[in-house]
Amino acid sequence: MKKKAFMVVALSLLSLAQVYSQKAPVELPLYSSKIPNEVPGPDLEEAERRVEGELQIEKSRIKNIRKPTLTVYLPPKDKANGTAVVICPGGGYAIVAAAHEGHAVARKFNEQGVAAFVLKYRLPDSSVSSKPEVAPLQDAQQALLLVRERAKEWNIDPDRVGIMGFSAGGHLASTAGTHFRQAYVDNPNNTNLRPDFMLLVYPVISSNKEIAHQGSFERLVGKDASEEKLKEYSNEFNVTAQTPPAFLVHASDDRGVKSENSIVFYQALLRNQVPAELHIYQRGGHGFGLHNTSTKDLWFDRAINWLDSNGLLTKKQHDKASTSKQ
């Protein structure tokens, strides 16, 4: 009996190991050359590791990030539909909550045939960057650039690359979606830096003191930032007709980042006739990741439906044609 139990445990651990090794994602340096505006210094990065059974799966709650990376999750080729999403985990611009707001979400996207890329971005820190407020946006733009420039290699349609963000990562994602006219990274090929869609989950959006997440804005632009600077990063004021379509999720009882953040952004999208969908749950609080346990409804399913309704889950036509010839 003991031998049988041992075998069951061993097989379970083996299957988990296969999931996270044979199909292991690849973590790449975000920049192949010098990191923009880098301030030289020691690498003091710290992280916890999420544990599943006896396996240490992936880093979470990462801080002191000096070397940004992009972790690549690719779906099976026969399932891939050509759509890709860059995921920006949250953490109030103090940490990057890379597990439940990054890697877990990427794996869910792979199940839907969507390529996913978890961004470990630099946090606003003058000891790391000479332009700390711009560092996260630089990393988001570089991630979009990298995905598009390697699209063929990764079986991605460069015209179907979106961005997703949770909490302060939602602020970063919405900044990438509203500040794309200016390139904050080297872009010699003039690669498109505009995301094709945005998925924003309990996002930080507004600097309006009545609804702002003060900690995020203070870390990003400083406690004594001018009203002009605050407005520059208050993304409801930066929406135009060129802003990409957006899907937003929030909870009414979110005390960390008030749901009005999503509401004012949604209203700005409507005013500019940008396609948008907003889901606000009665309960759920802040930071629920994939699973809002207050409801049987799954917001991720709603997001997948929205992507599908916008033609983003249909396989590329040339893929279908090449398959039919085989």
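A cavity is a set of points, on a 1 Å grid over the protein atoms alone, where a 1.4 Å probe fits but cannot get out. The structure is a predicted model in which local features need pLDDT of at least 70 and side-chain atom pairs count only at pLDDT 80 or more, while totals for chains, interfaces and linings use all residues. Residues are numbered from 1 along each chain as its sequence is written, and side-chain values use heavy atoms, with hydrogens and water left out.

**View 1. The largest cavity and its lining.** Searching the whole structure gives 1 cavity of 30 Å³ or more. The largest cavity holds about 40 Å³ of space, a volume being the space filled by probe spheres set on the points, which are joined across faces, edges and corners. Its lining (residues with an atom within 4 Å of a point) consists of Tyr93, Glu133, Pro136, Leu137, His171, Leu172, Thr175, Leu220 and Tyr233. Helix H3 (135–149) and helix H4 each supply at least two of the lining residues, and H4 gives the largest share, 3 residues. Helices here are DSSP runs of H or I with at least four residues, strands are runs of E with at least two, and both are numbered from the N terminus. By class, the lining has 6 nonpolar, 2 polar and 1 charged residues; Ala, Val, Leu, Ile, Met, Phe, Trp, Tyr, Cys and Pro count as nonpolar, Asp, Glu, Lys and Arg as charged, and the others, Gly among them, as polar.

**View 2. The buried face of helix H8.** Trp299, Phe300, Ala303, Ile304, Trp306 and Leu307 of H8 (residues 299–309) are buried, that is, under 20% relative accessible area (1.4 Å probe, protein chains only), with exposed meaning over 50%. Down the helix axis these residues fall within an arc of 160°, so they line one face of H8; the arc is that of the directions from the axis to the C-beta atoms. Their cover includes helix H2 (99–111) and strands S7 (161–166), S8 (198–201), S9 (246–251) and S10 (276–281).

**View 3. Surroundings of Ser234.** Ser234 sits in the loop between helix H6 (227–232) and S9 and is buried, at a relative accessible area of 0%. Apart from neighbours within four places in sequence, Ser234 has contacts (heavy atoms within 4.5 Å) with Ile205, Ser206, Ser207, Asn208 and Phe217. A polar atom of the Ser234 side chain lies 3.0 Å from the backbone nitrogen of Ser207.

**View 4. Positive phi at Asn190 and Tyr202.** Asn190, in the loop between H4 (168–178) and S8, has phi near 55° and is exposed, with a relative accessible area of 66%. Tyr202, in the loop between S8 and helix H5 (214–221), has phi near 35° and is buried, with a relative accessible area of 0%.

Key:
A polar contact is a pair of N or O atoms within 3.5 Å; within protein, one must be able to donate a hydrogen and the other to accept it, and residues adjacent in sequence count only if both atoms are side-chain atoms. On a 1 Å grid over the protein atoms alone, a cavity is a set of points where a 1.4 Å probe fits but cannot get out, and a pocket is an open set with protein on both sides within 12 Å along at least five of seven lines; lining residues have an atom within 4 Å of a point.
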